[in-house]
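Dear colleague,

I am passing on the structure we spoke of, and below it you will find notes on what came out of it. Please keep the sequence and the 3D view open while you read.

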Amino acid sequence: MKERDDILKRKVQKVEVVPPEELAKLDEIIDRYEGRPSYLIPALKDAQEMFGYLPMEVQRKLASGLNIPSSHVYGVVTFYSFFTIEPRGRHTLRLCLGTACYVKGSKDILDIIVKEVGINVGETSEDGRFSLEAVRCLGACGLAPVMLIGEDTHGNMDPKDTTKILEGYQ
Amino acid sequence: MSAKPLPRMQFMLCAGTGCIASGSLDLKTAMERELKKRNLQDEAVVVMTGCNGFCAMGPIMAVYPDGIFYNQVKPEHAPLIVEEHVLKGRVVPQLLFKEEGKDQIPLMKDIGFFGLQRVIVLRNRGLIDAESIDDYIARDGYAALGKVLQEMSPEDVIEEIKKSGLRGRGGGGFPTGLKWEECRKYSSFPKYTVCNGDEGDPGAFMDRSVMEGDPHSVLEGMAISGYAIGAEKGFIYVRAEYPLAIARLQKAIDDAKDYGLLGANILDKGFDFDIEIYPGAGAFVCGESTALMYSIEGKRGMPRIKPPRSAEAGLWNQPTNLNNVETFANINPIILNGSDWFSSIGTEGSKGTKVFALTGAVTNVGLVEVPMGTSLKQLIFDIGGGIPKKRKFKAAQMGGPSGGCIPADMVDVAIDYESLIEAGAMMGSGGVVVMDNSTCMVDTARFFVDFCVDESCGKCIPCREGLKVMLEKLTDIVEGRGEEGDVEFLMELGQHINDTSHCGLGKSAASPVLSTIRYFRHEYDAHIREKHCPALVCPSLIDFVVMEEKCKKCGLCYRNCPSDAIIWEKKQVARIDTTKCTRCRTCIQNCKFGAIR
């Protein structure tokens, strides 16, 4: 029961208000993809780039603009790991937990981040500084273990250096 | 013709994702500044090539015409290189490749990693500017498309590919020629040809390398397949994690259109073909053919039951041919050199070469292309340079989350489709993750099941629920709650999941568990019966006790412990204060004598 209540509570929090003038920016994206429902994923990508995340209003407006059921849009948004319904921190940590990185100790790095920043995978720190994501292979296995912070790649990471690297991102 | 003399020296600098992350763009700027400073900009040029596959030693740079190979070059080395190499004609020794305990090797072709490979797919690596269509054409690029349009009927093309024995490089190994023939058969139009660039297997990055380093070879292969099956439109589905590949492919498509090699009426032969990139959004299951097509249609990527096959009803229910990046890159050489040439390479059932991503506990991490039938031993020890840190080879995980582990005593196995399946693994996309004796096989199996639980699309029950139960059981075992009978339970459940799941992901999701049980049963037993992790990986199953007879009293554990839990004085055996110990395993990683259990 408690678990269910928690989930419900989280759902309620997700309803956020995006000002109408902000929402109007979506028209440009809708114009670009109108009449082409198969371009939903690129359209969502553009929208996420614009807002940083995909709140319900954005999804609903895109749905009506592209003439797709909003349930379908929600289904797609929650299916793909690239999309997020909640706002992200200023820096997104993408730690690779692919096989090559795992074998070379990326789990130790994960433990340090969880301890230092105080967030688990999929969460955002309260000060809005970091969001933590575990990704499955960035295709840079030659540099294992690898972590992306925003657009910066940190390769051949030593767990000991983790704290120092994080300090560079305020 | 320009009056400017051709430069006498080329610096081929790698600009793949790996080398860019290691700073190759800064190196380019530094080199060019230095050349200009000495007024040598017409004498020597810096060319940005695609991924060379030797990412661990990046940034790497080969100098032609002499073929000298430099690795781990930093921007601050630029003045030295220009001074020594360009002006005085001397090699810079400290930047040469060197294996532990051996001499430096100046020439690229003498380095085991490169010299022992046979390149077909990666034929242009390190030799062309990845963003230049002229460079690609100079290396026989688009000659195959020209030949096909000029001299061959679609049936001829299909026959040639069938005779070559080329099989799909994405995992299944289905004969490419048969796939094309099947798709040609259906008379419903429009048809599509799709390139699967959703390289999701962790530890595999050959498709990324091809798309970044030689994008035109993929486009050419797609255009030829479009001609063969009768399609006028192609899609490349690229995963979102590969932004550089998307950018390079887009530039390649634009250039090819400018040259009249894509678009309407190609080479005036009345053949229209256009290609569009569709970036993925992060879902492993979209590597499955039907899921990938749903994704291009803007839907959730959930596989459907086959038949009908995609060749009959694929994208928007139209006949669709889907091949992997590496498969398409093989088409140009097959058409130009003939099917006999291609089928003379490899083994009876597996023709040609295969690109492998050698990663994990191996000295030379990188991409290697070898003929089918090469043994795992050659791959890991001759090309890969063996296991670093004087550790022992324990197993190689092949085929990603769908594959299996091949143990050390089977290292002589020949790598082809059939032998690998017999050994309990599979070719997959070609990821080879090497593991040494510091890897726990139970923990590894748990890792893969965790991966598949995350990536299961949730459509069918065996995969969605069965894997969760497996994960719980494996978590119990690595955390010390394992019971007698757990292994038998895992085997039974795993077999059920493999037998009854819906798509390729579920059908093979239990393979890593089954194959580790098959070869490393003793490790499972040690976890369950002795509550001990032999590889000292699972923190709950380590005693954290120093073995007095093995301790050399060096104090390394004492100096490295982050929680001051080690009691040590000079010439004394160390002890661990278990009340302070946080089980972080730093001491185990630092002890050179294996004295902590």
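Two residues are taken to be in contact if their C-beta atoms, placed from the backbone, lie within 7 Å. On that basis, and leaving aside its neighbours within four places in sequence, B:A78 is in contact with B:L27, B:A30, B:M31 and B:E34.

Before going further, a word on conventions: this is a predicted model, in which local features need pLDDT of at least 70 and side-chain atom pairs count only at pLDDT 80 or more, while totals for chains, interfaces and linings use all residues. Residues are numbered from 1 along each chain as its sequence is written, and chains are lettered from A and ligands numbered from 1 in the order in which they are written.

As to confidence, the mean pLDDT of chain B (pLDDT being the predictor's confidence in each residue, from 0 to 100) is 93, and 99% of the residues of chain B reach 70 or more. For the complex, the predictor gives an ipTM of 0.87 and a pTM of 0.92.

To return to B:A78, this residue lies in helix α3 (residues 78-88) of chain B, where helices (H or I, at least four residues) and strands (E, at least two) are DSSP runs numbered from the N terminus. B:A78 is buried, with 23 other C-beta atoms within 10 Å; a residue counts as buried if 20 or more other C-beta atoms lie within 10 Å of its own, as exposed if 12 or fewer do, and as partly exposed in between, the C-beta atoms being placed from the backbone. B:A395, by comparison, is 317 residues from B:A78 in sequence and 41 Å from it in space, C-alpha to C-alpha.

Chain B as a whole has 24 helices and 18 strands. Its radius of gyration, which is taken over C-alpha atoms, is 26 Å, close to the 25 Å that the globule rule (2.2 Å times the number of residues to the power 0.38) gives for 597 residues, so chain B is as compact as a globular protein of that length. The C-alpha trace of chain B spans about 80 × 65 × 40 Å along its principal axes, and 54% of the 597 residues are buried. Helix α9 (residues 206-213) of chain B has 8 of its 8 residues buried, so this helix is largely enclosed by the rest of the structure.

The domain bounds, which come from an automatic or database domain assignment, divide chain B into domain 1 (9-111), domain 2 (133-342), domain 3 (353-436), domain 4 (441-529) and domain 5 (543-597). The C-alpha centres of domain 2 and domain 4 of chain B lie 35 Å apart, and 7 residues of domain 2 are in contact with 7 residues of domain 4.

Chain A is divided into domain 1 (2-79) and domain 2 (91-167), with 28 Å between their centres, taken over C-alpha atoms. In helix α6 (residues 70-79) of chain A, the residues A:V73, A:V76, A:V77 and A:F79 are buried. They cover an arc of only 165 degrees around the axis (the arc being that of the directions from the helix axis to the C-beta atoms), which puts them on the same side of α6(A). These buried residues pack against α4 (40-51) and α5 (56-66) of chain A.

Finally, the contact between the chains takes 36 residues from chain B and 31 residues from chain A. On the chain B side, α1 (17-21), β12 (353-360), β16 (431-436) and α18 (441-455) each supply at least two residues.

With best wishes
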